Amino acid sequence: MTIWIRTKGAVRTRSQGSGGGALASIFSFFALFCTPACAQPIENPIPVSGGALRFAEPKETSDLPNAFDAGWKGEKVCEPLFENEQMRAARCTFPPGVGHEKHWHGAHWGYVVEGATMRITDQEGGADRVVKAGSSWWSDGIAWHEVVNVGATTGVYIIVEPKGAAK
């Protein structure tokens with residue numbers, strides 16, 4: 001089985017042994033059916049980190065919720081779609097004025113279903129980003145960030161997070 005991974009502007013493949021499990025099946029589905037639609041355009045403002053996978057919670061964020069548990073002003077913004085021993089997926093919805101409180105991410109892949117203008121703040125400061133529908137990204141993990149929809153349209157993301165991989 002071959003898994004397509006987009007990192008640092010290039011699509012790479014990684015061969016898996018037989019019986020790759022649910023995670024491989026999910027990524028294969030996206031590779032077969034979404035590669036043209038999910039390919040990250042050059043102008044996509046979401047950074048692509050590339051590099052080695054990291055799956056453990058960063059030590060400096062132990063007091064923060066992870067992305068799946070974080071909400072906004074006491075309300076959940078991410079709805080679980082699927083979870084098993086290999087991965088989990090959620091749909092996160094951000095109407096205008098709604099965000100995602102300060103949180104951390106393990107390694108994850110994301111896809112923008114509906115675009116929006118998001119203010120993203122992290123340890124290096126803040127910036128407004130126009131995130132376009134159809135954009136996708138891979139991240140090795142984020143120590144922390146906070147986002148809020150500062151635009152006029154509702155943003156919707158799908159986040160897929162692998163679990164239990166070797167470090």
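Biologist: Why does Asp128 count as partly exposed?

Modeller: Asp128 has 41% relative accessibility. Buried means under 20% relative accessible area, exposed over 50%, and partly exposed lies in between (1.4 Å probe, protein chains only), so Asp128 counts as partly exposed. Before we go on: this is a predicted model, where local features need pLDDT of at least 70, side-chain atom pairs count only at pLDDT 80 or more, and totals for chains, interfaces and linings use all residues. Residues are numbered from 1 along each chain as its sequence is written, and side-chain values use heavy atoms, with hydrogens and water left out.

Biologist: What makes Arg119 and Asp128 a salt bridge?

Modeller: Their closest N and O atoms are 2.7 Å apart.

Biologist: How many salt bridges does the structure hold?

Modeller: Four. One of them joins Glu83 and Lys163, at 2.7 Å from N to O. This pair links distant parts of the chain: Glu83 sits in strand S5, Lys163 in the segment after strand S13 (155-162), 80 residues apart. Strands (E, at least two residues) are DSSP runs, numbered from the N terminus, as are helices (H or I, at least four).

Biologist: Why is Glu83 called exposed, and what makes Lys163 partly exposed?

Modeller: Glu83 has a relative accessible area of 52%, so Glu83 is exposed. Lys163 has 27%, so Lys163 is partly exposed.

Terms used
Salt bridge = Lys/Arg side-chain N within 4 Å of Asp/Glu carboxyl O.
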